[in-house]
Amino acid sequence: NLAALEGGIDCRATCTGMAAITTSMYLFKPGDHIIAGHDIYGGTYRLFASVLTEQGLQFSFVNMQDMANVKAAIRPNTKGIWIETPSNPLLNTIDISALTAIAKAHNLTTIADNTFLSPYLQRPFELGVDVVVHSTTKYLNGHSDVVGGCVITKTKEHADRISYIT
């Protein structure tokens, strides 16, 4: 149902939203560089800045409201862009279409955390995103009485990889 709501081809449930984020990061390998917003959810920032860097991933945190910052952060080993809009907790918004255009021009995988808006208000796949994650604990659940997450994909390649991981 979540894949259908987002416009994806596959959805894999995880035990938490952070598990969904962690699972999506397994699309990358040690040495890969990922660009992320400077004002993302604290748990995501800690995962990226501490835990995953210890496992060989590299991250740059930039103000994504200015696309020049994103372009300037691209390195030869950049493989992905992490998108969180609106950001948590500041609710800053970014232009997803502009980000995905940059990503496509550089063959980068884009992953969007769509927790705050849900597919009712925002459908990142329609804006060019490759993978969507949710903390289903938040708005999709509505009551915060169930903890969960999900990773939604729109290509067979990503669906197969996420399925293998989960």
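**Close-up legends**

**View 1. Ile-40 and its neighbours.** Leaving aside residues up to four places away in sequence, Ile-40 touches Tyr-45, Phe-48, Phe-61, Trp-82, Glu-84 and Asn-88 (contact: heavy atoms within 4.5 Å). A word on the model before going on: this is a predicted structure, where local features need pLDDT of at least 70, side-chain atom pairs count only at pLDDT 80 or more, and totals for chains, interfaces and linings use all residues. Numbering starts from 1 along each chain as its sequence is written, and side-chain values use heavy atoms, with hydrogens and water left out. Ile-40 itself sits in the loop between strand 2 (33-37) and helix 3 (helices are DSSP runs of H or I, at least four residues, and strands are runs of E, at least two, numbered from the N terminus). With a relative accessible area of 8%, Ile-40 is buried (buried is under 20%, exposed over 50%, partly exposed in between, using a 1.4 Å probe and protein chains only). Thr-53 comes 13 residues away from Ile-40 in sequence, and the two C-alpha atoms are 16 Å apart.

View 2. Tyr-45, Phe-48, Phe-59, Phe-61 and Trp-82 make up one aromatic cluster. Rings of Phe, Tyr and Trp (its six-membered ring) pair if their centres lie within 6.5 Å; planes under 30 degrees apart are stacked, over 60 edge-to-face, and the rest tilted. By this rule the count is 4 aromatic pairs. Take Tyr-45 and Phe-61, a tilted pair with 4.7 Å centre to centre and 55° between the planes. This pair links distant parts of the chain, 16 residues apart: Tyr-45 belongs to helix 3 (residues 42-54) and Phe-61 to strand 3 (residues 58-62). Tyr-45 counts as partly exposed because its relative accessibility is 38%, and Phe-61 does so because its value is 27%. Then there is Phe-48 with Trp-82, an edge-to-face pair with 5.4 Å between centres and 90° between planes. Phe-48 is in helix 3 and Trp-82 in strand 4 (residues 78-84), so this pair ties together parts 34 residues apart in sequence. Both Phe-48 and Trp-82 are buried.

View 3. Most residues other than glycine have a negative phi, and most peptide bonds are trans. Here, Thr-85 and Pro-86 are joined by a cis peptide bond, omega being about -5°.

View 4. Asn-107 is located in the loop between helix 5 and strand 5 (109-113). Phi of Asn-107 is near 55°, a positive value in a residue other than glycine. Asn-107 is exposed because its relative accessible area is 70%.

**View 5. Thr-166, in the segment after helix 7 (156-165).** Thr-166 touches Arg-12, Thr-14 and Thr-23, again without counting residues up to four places away in sequence. At 45% relative accessibility, Thr-166 counts as partly exposed. Leu-52 is 114 residues from Thr-166 along the chain, and their C-alpha atoms are separated by 18 Å.
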